[in-house]
Number of protein chains: 2
Amino acid sequence: MATQEQNTLLVAANKLRSNKIKNTPQRQVILSYLMTSHAHPSIEMIFKYVRTNGFSVSLATVYNTLQLFVDHNLIIEIAADSGGHMRYDYFETPHYHVICVNCNKIVDVFDDTYKENEKLATKKTGYRILNSQYEVYGICPDCQKKIDTKISV
Amino acid sequence: MATQEQNTLLVAANKLRSNKIKNTPQRQVILSYLMTSHAHPSIEMIFKYVRTNGFSVSLATVYNTLQLFVDHNLIIEIAADSGGHMRYDYFETPHYHVICVNCNKIVDVFDDTYKENEKLATKKTGYRILNSQYEVYGICPDCQKKIDTKISV
DNA sequence: TTGTTATTGAGAATTATTATCATTTAAATC
DNA sequence: GATTTAAATGATAATAATTCTCAATAACAA
């Protein structure tokens, strides 16, 4: 019987095939990680994940692979902290991100009404719209507690 | 009689004062540039602008100043290309950006309906919302022409 | 003014990203 | 299954971007 992990790898492999992307172990494991993780990982996190899960990979391959997936609209980049470090997220169901400016935790909100603005954007700019992204910045519940405690002391 | 340029510098100086930010020539000229330019400049462009307009500045100061302005919500960062290079924009009137994935040109759309999603974000996540940003990706009219021409030949 | 404190800037140090290219591998074809 | 071919991988070099350091300078409150 197949484990959960093996199943996810198969699903990722199918995804690659249906997008006509050559199927390598590195690509499979990176995609499956992005499909199942809710961590919105950074390049560094992805690199470490692949290595600690028994696959060989180089940093160059992680960069190349992520770029490839972005170009195929399989994943999106999120500008999470102000240093311009990118985080990555599998993007099938439209959703947006709420990002903590203190600890950089990212949570998903599965609501696609923000996408409706695309029509107006087309009309106003003449751009041929490909996709759009909405990001909300704030302070997560955990950090709110910490900050409030600090102030009251 | 004051020139337009001098006026903008004064407006920027007032903005700094009202935000309790110490008023230095570098900060004044960087803020005034962002207030009047529609170029959504990069770090590099800002650095060059300041130097070619008769002010001394170092790259370190540009980085520090932009970070300071972002922290004070005077300006926002825009992730324009997939390399994670940031562009900057004065942000007083809510608006969003439509970005060409081919040439990275950015245009503003002054419509704030996307901001309405913030309420739902609060309810769904418990985050204390500070601001939000909407970005639309597509192909600008100029690049559409170029691409269509290329295909038809 | 003067004193205090924050800012600036040149360059060093660090970190992130891209490029190179020999080796390996996927998968189409026989 | 073996062969072929084009593409992917990965170690490392090269480059670019960002942050750090700290002495000199400047802002501005008193």
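Tutor: Keep in mind that this is a predicted model. Let's take α4(B): its 13 residues reach 18 Å from first C-alpha to last, close to the 18 Å expected at 1.5 Å a residue.

Student: OK, and which residues of α4(B) are buried?
Tutor: Val62(B), Thr65(B), Leu66(B) and Phe69(B).

Student: Why do they end up on the same side of α4(B)?
Tutor: Because they cover an arc of only 100 degrees around the axis. In general, an α-helix has 3.6 residues a turn, so residues three or four places apart point the same way.

Student: What covers those buried residues of α4(B)?
Tutor: The cover includes α2, α3 (43–52), β1 (75–79) and β2 (86–90), which belong to chain B.

Student: And which exposed residues sit on the face turned away from the buried side of α4(B)?
Tutor: Ala60(B) and Asp71(B).

Student: What happens just after α4(B)?
Tutor: Asn73(B) is there, with a positive phi of about 60 degrees.

Student: Let's switch to the DNA. How many residues surround DNA strand C?
Tutor: 21, and the closest are Asn23(A), Ala60(A), Thr24(B), Ser58(B) and Thr61(B). Both chains are represented in that list.

Student: Which helix gives the most to the surface near DNA strand C?
Tutor: The helix we began with, α4(B), with four residues. At least two residues each come from α4 (59–71) of chain A, and from α2 (25–36) and α4 (59–71) of chain B.

Student: Now DNA strand D: which residues come nearest?
Tutor: Out of 22 residues around DNA strand D, the nearest are Thr24(A), Ser58(A), Thr61(A), Asn23(B) and Ala60(B). Here α4(A) gives the most to the surface, with five residues. Helices α2 (25–36) and α4 of chain A and α4 of chain B each supply at least two.

Student: How do the residues of that surface near DNA strand D divide?
Tutor: Into eight nonpolar, eleven polar and three charged.

Student: Last topic: how is chain A divided into domains?
Tutor: Domain 1 covers 1–92 and domain 2 covers 93–153. Taken over C-alpha atoms, 22 Å separate the centres of these two domains of chain A.

Student: How many residues of domain 1 of chain A are in contact with domain 2 of chain A?
Tutor: Eight, and they meet eight residues of domain 2. On the domain 1 side, that set divides into three nonpolar, two polar and three charged.

How values were computed:
Residues are numbered from 1 along each chain as its sequence is written. Chains are lettered from A and ligands numbered from 1 in the order in which they are written. This is a predicted model: local features need pLDDT of at least 70, side-chain atom pairs count only at pLDDT 80 or more; totals for chains, interfaces and linings use all residues. A residue is near a molecule or strand if its C-beta atom, placed from the backbone, lies within 6 Å of it. Domain bounds come from an automatic or database domain assignment. Two residues are in contact if their C-beta atoms, placed from the backbone, lie within 7 Å. Ala, Val, Leu, Ile, Met, Phe, Trp, Tyr, Cys and Pro count as nonpolar, Asp, Glu, Lys and Arg as charged, and the others, Gly among them, as polar. The expected span of a helix is 1.5 Å times one less than its number of residues. A residue is buried if 20 or more other C-beta atoms lie within 10 Å of its own, exposed if 12 or fewer, and partly exposed in between; C-beta atoms are placed from the backbone. The arc is that of the directions from the helix axis to the C-beta atoms.
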